[in-house]
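Take a moment to look over the chain before reading on, and keep the picture beside the text while you follow the paragraphs below.

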Amino acid sequence: MASPRRARADLTAVRFLMRHLVVGLAAAAMFGGLLVAADVGGLRRLAAAEADGWLYLTLLFFGLAVTFGSAAMGVSVMNLGRERDER
C-alpha cells in the first residue's frame with residue numbers, strides 16, 4: 001500500500017499533466033477551427049460537400065488534439081528541471 005505522501009505526490013503530478021493537456025487541447029481546437037474557418041486547402045468545402053465530412057473533421061481534430069496535447073505535456077515536463085536550476 002502506498003503512503004499518503006506518495007499518493008499525494010502522484011495526484012499532484014497527474015493534475016500538473018492534465019492542466020497542460022487541457023492547454024494543448026485548447027490550442028488544437030483553436031488551430032483546427034482556424035484551419036476550417038480560413039478554408040485552408042479547401043478543407044471546409046470538402047467537409048461540406050462530402051456525406052462523411054464530419055468524419056474528416058473528426059479525424060483532423062483528433063490528430064491535432066493528440067499532437068498539441070502531447071507536445072504541451074512534453075514541454076511542461078522538460079521545463080521542470082529548469083525551474084529547479086533557476087532557484
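Which backbone nitrogen lies 3.2 Å from a polar atom of the side chain of Asp39? The backbone nitrogen of Leu43 does, and the pair is a polar contact, a term for two N or O atoms within 3.5 Å, where, within protein, one must be able to donate a hydrogen and the other to accept it, and where residues adjacent in sequence count only if both atoms are side-chain atoms. Before going further, note that this is a predicted model, in which local features need pLDDT of at least 70 and side-chain atom pairs count only at pLDDT 80 or more, while totals for chains, interfaces and linings use all residues. Residues are numbered from 1 along each chain as its sequence is written, and side-chain values use heavy atoms, with hydrogens and water left out.

Asp39 sits in the loop between helix H1, residues 4–37, and helix H2, residues 43–49; helices here are DSSP runs of H or I with at least four residues, numbered from the N terminus, as strands are for runs of E with at least two. The phi angle of Asp39 is near 55 degrees, which is a positive value in a residue other than glycine. For comparison, most residues other than glycine have a negative phi.

The side chain of Asp39 also meets the side chain of Arg45 in a salt bridge, with 2.9 Å from N to O. The term salt bridge is used when a side-chain nitrogen of Lys or Arg is within 4 Å of a carboxyl oxygen of Asp or Glu. Side chains of opposite charge can pair when their charged atoms come close. A search of the whole structure finds one salt bridge.

Are the two partners buried or exposed? Asp39 is buried because its relative accessible area is 15%, whereas Arg45, at 57% relative accessibility, counts as exposed. In these terms, buried means under 20% relative accessible area, exposed means over 50%, and partly exposed lies in between, using a 1.4 Å probe and protein chains only. If neighbours within four places in sequence are left aside, Asp39 is in contact with Arg44 and Arg45, where contact means heavy atoms within 4.5 Å.

Two packed helices are described by the angle between their axes and the distance between the axes. The axes of H1 and helix H3, residues 53–78, come within 7 Å and cross at roughly 140 degrees; such axes are lines fitted to C-alpha atoms, for helices over the stretch in contact, and the angles run from 0 to 180 degrees between N-to-C directions. H1 and H3 are therefore oblique to each other, since angles under 35 degrees count as roughly parallel, over 145 as roughly antiparallel, 65 to 115 as roughly perpendicular and the rest as oblique.

Gly24 has its place in helix H1 and, at 3% relative accessibility, counts as buried. Not counting residues up to four places away in sequence, Gly24 touches Phe68, Gly69 and Ala72. The C-alpha atoms of Gly24 and Ala71 are separated by 7.2 Å, although these residues are 47 residues apart along the chain. Ser76, found in helix H3, is buried as well, with a relative accessible area of 7%, and its contacts, neighbours within four places again left aside, are Phe16, Leu17 and His20.

Other residues give a contrast. Val75 is in helix H3 and counts as partly exposed at 46% relative accessibility, and 35 Å separates its C-alpha atom from that of Asp52, 23 residues away along the chain.
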